[in-house]
Amino acid sequence: MKKFLLAVASLVLGTASVQAADLAAHYTKAPVMAPAYNWTGFYVGGNVGGQWGSANPSTSTVYDPAGYFFTTSVPAVNAVGAQHVNSSSVTGGFTAGYNWQVNNAVFGLEGDINYFGFKGSATGSALYPCCAPFAFTVNSSVSADWLATIRGRLGFLAAPSWLIYATGGAAIAEVKGNFNFTDTFGATESAAIRDTRVGWTAGVGGEYAVGNGWSLKAEYLYVDLGRATTTSTNLANFGLTFPGNVYTHSVDIKSNIVRVGLNYKFGGPVVARY
């Protein structure tokens, strides 16, 4: 009996030792920490896209009893002088900015300078109500070669590498306009606008961090440069000038811009995540 009990005890203790060894041999390693992209830092980049815009150049004059026009001529000139221009072109340029990330929110300040390529012209003619078949013509042309913006950005992270944002601020461009009035009597008048305009812009965008500081973005901006105005008193015909017929010329530019870009961020902290 004693030998049987000793054999049973040895079997139980041996089984327990094997189970303990198995338990000691199996363990789970802690998960490896992976770096999460952090948006804080200074960045530079480039962009390319297209703009689709419009302008409303305007030419108008006033009646002067001692002037050139009959009373019925002035409303006719002003109606033809209310013109419209459409423009579309490729845009592209350079961007620089700085982001601050706070949890899932990203705040930023961004500036860019771009080729704008806005250009268009319009022509209108009509008969003088008083004096058909004599007629007059109004020509307008509008352009803006470059566009710069200074904007704030406010976004949130849809994922650690996905930034969705709204943006808005100042839009700056040199707006140029040329205007010319002629008629079949031989009258001429002309004026030009060259004005660095400060308007506004607003839009939305998305940016994706692809790693090693690089990110891709797509963005829409609406731009309104306001209205620039000038006057002239150089209407002339028959060897005479008619300063009482003051001309007012003005132009506004509005545009929709869609573009994609590539940015590179310098340095910035990396936060560990599991």
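Colleague: How much space lies in the largest cavity?
Modeller: About 40 Å³. Keep in mind that this is a predicted model.

Colleague: And which residues line the largest cavity?
Modeller: Its lining is made of Tyr37, Trp39, Tyr43, Asn99, Glu207, Gly213, Ser215, Asn263 and Lys265.

Colleague: How does that lining split by class?
Modeller: You get three nonpolar, four polar and two charged residues around the largest cavity.

Colleague: OK, what lines the second largest cavity?
Modeller: Asn47, Thr91, Asn114, Tyr115, Phe116, Leu147, Ile257 and Arg259 do. Two elements, β5 (105-127) and β12 (247-266), each give two or more residues to that lining.

Colleague: What about the classes in the lining of the second largest cavity?
Modeller: Four of the residues are nonpolar, three are polar and one is charged.

Colleague: Switching topic: where does Phe238 lie?
Modeller: In the loop between β10 (236-237) and β11 (240-241).

Colleague: Does Phe238 count as buried or exposed, and why?
Modeller: Phe238 counts as exposed because its relative accessibility is 59%, and the cut-off for exposed is over 50%.

Colleague: So what does Phe238 touch, leaving out residues up to four places away in sequence?
Modeller: Tyr68 and Phe185. Phe185 sits 53 residues from Phe238 along the chain, and their C-alpha atoms are 8.8 Å apart.

Colleague: Zooming out, how many helices and strands does the chain have?
Modeller: The secondary structure comes to two helices and 13 strands.

Colleague: What percentage of the chain do buried residues make up?
Modeller: They come to 41% of the 274 residues.

Colleague: And of the contacts with a separation of 6 or more, what share comes from residues 24 or more positions apart?
Modeller: Those pairs account for 74% of them.

Conventions. Residues numbered from 1 in each chain as written. Predicted model: local features only at pLDDT ≥ 70, side-chain atom pairs only at ≥ 80, totals over all residues. Heavy atoms only, no water. 1 Å grid on protein atoms, 1.4 Å probe; cavity = no way out; pocket = protein on both sides within 12 Å on 5 of 7 lines; lining within 4 Å. Points joined across faces, edges and corners; volume = space filled by probe spheres on them. Nonpolar A, V, L, I, M, F, W, Y, C, P; charged D, E, K, R; others polar. Helix = DSSP H or I, 4+ residues; strand = E, 2+ residues; numbered from the N terminus. Buried < 20%, exposed > 50% of the residue type's maximum accessible area, 1.4 Å probe, protein only. Contact = heavy atoms within 4.5 Å.
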